[in-house]
Amino acid sequence: MTAPLLEVAGVGKRFGRLTVLDDVSFSIAPGEAFGIVGPNGAGKSTLLNVVNGVLRPDGGTVRFDGADVTRADAAARCRAGIGRSYQIPRPFGGMTVFENALVAASFGGGHTGRAAAEAAHRALETAGLADAANTPAGSLRLLDRKRLELARALATDPRLVLLDEIAGGLTEAEVPALVETVRDLVRAGVAVVWIEHVVHALVAVVTRLMCLTYGRVLAVGDPHAVLADPQVVEVYLGSTIAGDDPVVEET
Amino acid sequence: MTRVEPAARGAGQDAVPPSAGSGGVRVRRSGPAAWIGGGVLVVAVAVLAYLPYVSSRGTQIDLVGLFSLIVLGTMWNLLAGYGGMVSIGQQAWIGLGGYGLVYLAGTLGLDPFVSIPLAALACGLVAWATSYLAFRLSGGYFAIGTWVIAEVVRLLVIQVDEVGAGSGASLTAFSGIDPQYRIAYVYWVALGVAVVVVLAVYLLMRSRIGLALTAIRDEPTAAGSSGVPVTRAKRLVFVLAAVGCGLAGAVIVANTLRVQPGSIFSVDYSATMIFIVVIGGLGTIEGPIIGAVVYYLLQDGLADLGNWYLVVVGVIAIAVTLLAPKGLWGLTRGRLSVFPTGYRVGRGT
Ligand SMILES: Nc1ncnc2c1ncn2[C@@H]1O[C@H](COP(=O)(O)OP(=O)(O)OP(=O)(O)O)[C@@H](O)[C@H]1O
Ligand SMILES: [Mg+2]
C-alpha cells in the first residue's frame, strides 16, 4: 500500500449553528478514482472546499502528499497539485476562455510563456472548448461554463482533481464522452474525487465510493457495495437509483 | 511554494488526449490599432514635450494639472478596474507625496527633482504597511477603511511643525531657479511621470501579474483555487497605486508651490478619480486617459459656472453611465485597443 496522496482526518465544519461536516475522514491513494454521493445539502461541496483550501475546517486535518496543508491557502494547495472545478461555475467573466485557462496554467501549473499557452490550449481541447478559445467567458452558456471549470482545473497540471457535479446539465448522450475524459485523466495517473448525482456515470469510473449524509460518512468502499447498502438506499439512493432516473439538477 | 516533481507533472500532461500533440497554439497579443494608436501617442507626447518652447507659462501650469489627472485616473483604474479594490482614500498618498516633497526638498534641503520620486517611494512604504490593516476589510468596508486611513494620515501630518502643521507650507526649494525654467522643468517632469505611469501599468497588465489581477477582479475565489497568490497580487497593486498617487501629489505641489492639508488630503480627489475612470472606461488603460482629458476640458470650460459646475459634472457622469455604461472608451466595444493586454488565439500551425 503506497502512502496516501490525500488524507482527510476528523474534519468538522459548521456555519453558525448548522453542522455541515461532522468528523469526516477518508484518504485517497495516488491515481485513485474516488466518488462521492449524497443528498442535496449533505456537505459534499463543503468537503471539497475544505480539501482545496477555500474554507478552513473548524477541526481536523487535511494532508496532501504527506504535508499538513490544513492552514495553507487555496493558491498554495493548487500549486502543490490540487485542481478544483466548482459546482456553480466561477468563470473569470471579463476574460476569454483561453485567458481563463492561461491563468490556471500560469499560476497553478507554474508555466511561463509558450509552455503556459500550450498547457492552457491542451486543457481546453480536453474539455472540448478549444473552438471557443476567444469567446468571453462571461457569455458562455451553462454547459460550456462547466466545461471551462474542468479545463481550468486540468490546466493547473493537478495530481488530484476535485470535480463537483460536472455532468449536471449534460444530456444522456453526452455523458459517455465525459466519462471517457475522466477515465483518461485517471489513466494518466491523476487522482480524481468526483461528486456526481448522475450515479451511473460515477460508477463507470470510480473504484471507491463514499456516501455522505448530514455531514457524516455513511458508507465508503466498493461502489456497488455502497450502493447496495440498505442505509444508503434508504437515505439517498432509494429515490434516485430505484427509479433509474439520474438526478440532473442545476443550482 | 510546493512544487510538483517533474515526473508527476509529466504524467499530468499525458492526461491530454493525443489530438493535443498535433500542432501548437498561436497567440497574438496586439493588432494594427495598437501600432497606429501607439504611433499617434508617440507623436502626441513629442508635441507635448516641445510645448514649453512655444507656449505660455499659464498653459504649461494648466497642462501639469491634466498630467496629474491622467496619473490619478490611471492609478484608480489599476486599483479598482484591475485589482478589484474600490478605494476612496487615495488622497492619503496624494497628500503624503505632496508633503513628502515639501519635507525632503524644503526641510531637509534635498534636490526637489530627486525628492519627487523619493516622496513617492515613501508613500509606497507606508501603503505597504497599512495594507495589512486595510486588507482585513473587504468591499464597502475596505472603501471606508481607506478613507479612514487617509484621515489618519492627514491628522498625523498636521502634527508636524516643520511642514506648517495645520496651515500648510510653501515649497521654496525652487527659489534659485528662474520661474520660466522652473515651470518648464516641472512641466517636463509631470509629462514624464504621466508617460512612465501609463507605460508601467500597460507593461504590468501585459505581464503575468496582469493576468493574475484580471482574474482576481473577475472571480477572486476561482483565482485563488487556480493558484493565483491573491493577497500578494493585491498588495502589490495597492503599493503601486500609492506610489503613483504620491508622484501625482508631489507634481501637484511642485506645480502650485504650496501645500495645504485641507485641499491636498481632500476626498474630492477620490471623487475626481472615480469620475475620470467611470467616464473613460473602467478596466481599460485608454479609458482613464480619455476621462482625464474630458474632466480637464470640463474644468476649464465650466470654471465660470461656480457651484453649477458640480451639477453639470454630475449630470454628465449620470448621462455617460446610462448611455455608455462601459465609459467612453467602452464605445469601441473592444474593437480598438491602443494598449492591448489580452491574448487572441489563432489557428495552430
Ligand atoms: N458559506 C455557507 N454559509 C452558510 N451555509 C452554507 C455555506 N455553504 C454551504 N452551506 C450550507 O451547508 C449545507 C451543505 O452545503 P453543500 O453545498 O456542501 O451541500 P452539497 O452536498 O454539495 O449539496 P448539493 O448536492 O445540493 O450540491 C447546506 O445546507 C448549505 O446551505
Ligand atoms: Mg454541492
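A residue counts as buried when its relative accessible area is under 20%, and as exposed when that value is over 50%. In this predicted model, Asp157(A) has a relative accessible area of 5%, and it is therefore buried.

**The interface between chain B and chain A**

The contact between the chains involves 42 residues of chain B and 46 residues of chain A. About 3700 Å² of area is buried between chain B and chain A, and carbon and sulfur atoms account for 59% of that area. Between these chains, 12 residue pairs are in polar contact, with both residues at pLDDT 80 or more.

On the side of chain B that touches chain A, four elements of chain B each supply at least two residues: helix H1 (6-14), helix H8 (208-218), helix H9 (220-225) and strand S4 (344-346). The greatest contribution to this side comes from H8(B), with seven residues. Sorted by class, the side of chain B that touches chain A consists of 19 nonpolar, 12 polar and 11 charged residues.

Charged groups also meet across this interface, where one salt bridge is found between chain B and chain A. The partners are Arg90(A) and Glu219(B), whose closest N and O atoms are 2.9 Å apart. Because a salt bridge requires a side-chain nitrogen of Lys or Arg within 4 Å of a carboxyl oxygen of Asp or Glu, the pair Arg90(A) and Glu219(B), at 2.9 Å, qualifies.

**The two domains of chain A**

Chain A is divided into domain 1, which covers 1-81 + 158-251, and domain 2, which covers 91-157. Taken over C-alpha atoms, the centres of domain 1 and domain 2 of chain A are 23 Å apart. Their contact draws 16 residues from domain 1 of chain A and 12 residues from domain 2 of chain A.

The area buried between domain 1 and domain 2 of chain A is about 1100 Å², with 68% given by carbon and sulfur atoms. Of the area that domain 1 of chain A buries against domain 2 of chain A, 36% comes from Cys78(A), Pro158(A) and Thr181(A), more than from any other three residues. Between domain 1 and domain 2 of chain A there are zero salt bridges, and one residue pair is in polar contact, with both residues at pLDDT 80 or more.

Helix H2 (74-80), strand S7 (160-164) and helix H6 (175-187) of chain A are the elements that give two or more residues to the side of domain 1 that touches domain 2. H6(A) gives the most to this side of domain 1, with three residues. By class, the side of domain 1 of chain A that touches domain 2 of chain A has eight nonpolar, three polar and five charged residues.

**A covered helix in chain A**

Helix H1 of chain A, residues 44-52, is mostly covered, with eight of its nine residues buried. Among the buried residues of H1(A) are Leu47(A), Leu48(A), Val50(A) and Val51(A), as well as Lys44(A) and Asn49(A). Gly53(A) follows H1(A) and has a positive phi, near 95°.

Most residues other than glycine have a negative phi.

| Residue | Phi | Relative accessible area |
|---|---|---|
| Asp157(A) | near 55° | 5%, buried |
| Tyr214(A) | about 45° | 73%, exposed |

Asp157(A) lies in the loop between helix H5 (142-155) and S7 of chain A. Tyr214(A) lies in the loop between strand S9 (208-213) and strand S10 (216-221) of chain A.

**Two buried threonines in chain B**

Thr146(B) belongs to helix H6 of chain B, residues 140-157. Its relative accessible area is 3%, so Thr146(B) is buried. When residues up to four places away in sequence are not counted, Thr146(B) touches Ser87(B), Ile88(B), Gly89(B) and Phe238(B).

Thr74(B) is part of helix H3 of chain B, residues 57-82. Thr74(B) is likewise buried, with a relative accessible area of 3%. A polar atom of the side chain of Thr74(B) lies 2.7 Å from the backbone oxygen of Ile70(B). Apart from neighbours within four places in sequence, Thr74(B) is in contact with Val197(B), Val198(B), Val201(B) and Pro288(B).

Conventions:
Residues are numbered from 1 along each chain as its sequence is written. Chains are lettered from A and ligands numbered from 1 in the order in which they are written. This is a predicted model: local features need pLDDT of at least 70, side-chain atom pairs count only at pLDDT 80 or more; totals for chains, interfaces and linings use all residues. Side-chain values use heavy atoms; hydrogens and water are left out. Contact means heavy atoms within 4.5 Å. Buried area is the accessible area (1.4 Å probe) that two parts lose on being put together, summed over both. A polar contact is a pair of N or O atoms within 3.5 Å; within protein, one must be able to donate a hydrogen and the other to accept it, and residues adjacent in sequence count only if both atoms are side-chain atoms. Ala, Val, Leu, Ile, Met, Phe, Trp, Tyr, Cys and Pro count as nonpolar, Asp, Glu, Lys and Arg as charged, and the others, Gly among them, as polar. Domain bounds come from an automatic or database domain assignment. Buried means under 20% relative accessible area, exposed over 50%, partly exposed in between (1.4 Å probe, protein chains only).
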